[in-house]
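Please consult the sequence and the model while reading.

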Amino acid sequence: MAPIQRNPIRTSADFTKRKRKRAAEKVFFFSFSILLLGVDLSTKELARSYLASKSVPFIPHLISLRLICNSGAALGMLASHTWIVGIVEIIGCVAFAIGIFFSHRALLSWAFSLGLAGGAGNLADRLIHAHGFLNGCVVDFIDYGWFIGNFADIYLFSCAVCICIFLFRFDNLRGKNEKSDTSSRKPGR
């Protein structure tokens with residue numbers, strides 16, 4: 001019986017193939033972000049065009065469509081300091097883009113892609129509707145009753161959920177690996 005190789009010799013062809021696969025994954029996740037950004041900006045423009053002065057029930061007693069212009073962050077926080085929210089959005093977009101580029105985990109890549117699309121969508125609104133330094137407002141139109149948001153907010157929430165799932169799974173995997181490593185060792189090794 002042939003011995004099992006623990007560290008197979010990797011050729012330059014294997015390295016090139018792996019590098020191309022990772023590059024294709026990065027292109028996919030950046031493209032996915034751009035697609036989601038397009039959906040967000042398109043729905044905001046539709047809302048601005050058709051919801052100017054009315055509220056439209058979407059799912060009765062649950063969700064309606066109502067146009068507002070939110071100059072702050074979530075729930076209108078920091079409405080008088082929109083430039084701070086804009087700078088945080090810029091930093092977030094850069095961080096999410098770097099995350100996509102360096103991530104080797106699929107769930108994190110999905111999360112960062114959603115986060116980039118959400119942050120860029122709200123930042124684009126803040127820039128498009130500005131009349132000064134990052135002081136524009138974000139178009140919100142999905143009224144949940146206690147919160148009015150947009151698709152970018154849904155992307156950012158989904159990003160947070162994916163990151164929480166990743167952290168929970170990573171913590172469990174690390175704990176199991178540490179236990180299995182210590183229990184599988186024999187004395188004297």
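**Salt bridges and a surface pocket**

Lys 44 has a relative accessible area of 1% and is therefore buried. The model in which this residue is seen is a predicted one. Side chains of opposite charge can pair when their charged atoms come close. Lys 44 forms a salt bridge with Asp 125, with 3.2 Å between the closest N and O atoms. Because Lys 44 belongs to helix H1 and Asp 125 to helix H3 (residues 106-128), this pair ties together parts that are 81 residues apart in sequence. Asp 125 is likewise buried, at a relative accessible area of 3%.

A salt bridge also joins Asp 40 to Lys 44, and here the closest N and O atoms are 2.9 Å apart. Both of these residues lie in helix H1, separated by 4 residues, or about one turn of the helix.

Elsewhere, Asp 143 forms a salt bridge with Arg 66, the closest N and O atoms being 3.1 Å apart. This pair links distant parts of the chain, with Asp 143 in strand E3 (residues 138-143) and Arg 66 in strand E2 (residues 63-70), 77 residues apart. Asp 143 counts as buried at 10% relative accessibility, whereas Arg 66, at 35%, counts as partly exposed.

Attention may now turn to the pocket. The second largest pocket has a volume of about 210 Å³. Helix H1 gives the most to its lining, with 6 residues. The lining of this pocket comprises 4 nonpolar, 1 polar and 4 charged residues, among them Phe 101 and Phe 102. Phe 101 and Phe 102 also belong to a nonpolar surface patch with Ile 90, Val 94 and Ile 98, and together these residues have about 500 Å² of accessible area.

How values were computed:
Residues are numbered from 1 along each chain as its sequence is written. This is a predicted model: local features need pLDDT of at least 70, side-chain atom pairs count only at pLDDT 80 or more; totals for chains, interfaces and linings use all residues. Side-chain values use heavy atoms; hydrogens and water are left out. On a 1 Å grid over the protein atoms alone, a cavity is a set of points where a 1.4 Å probe fits but cannot get out, and a pocket is an open set with protein on both sides within 12 Å along at least five of seven lines; lining residues have an atom within 4 Å of a point. Grid points are joined across faces, edges and corners, and a volume is the space filled by probe spheres set on the points. Helices (H or I, at least four residues) and strands (E, at least two) are DSSP runs, numbered from the N terminus. Ala, Val, Leu, Ile, Met, Phe, Trp, Tyr, Cys and Pro count as nonpolar, Asp, Glu, Lys and Arg as charged, and the others, Gly among them, as polar. Patches are made of residues with over 30% relative accessible area and no salt bridge: like charges are joined within 9 Å, nonpolar side chains (Val, Leu, Ile, Met, Phe, Trp, Tyr) within 5 Å. Accessible areas come from the Shrake-Rupley method with a 1.4 Å probe; for residues, only the protein chains shown count as cover. A salt bridge is a side-chain nitrogen of Lys or Arg within 4 Å of a carboxyl oxygen of Asp or Glu. Buried means under 20% relative accessible area, exposed over 50%, partly exposed in between (1.4 Å probe, protein chains only).
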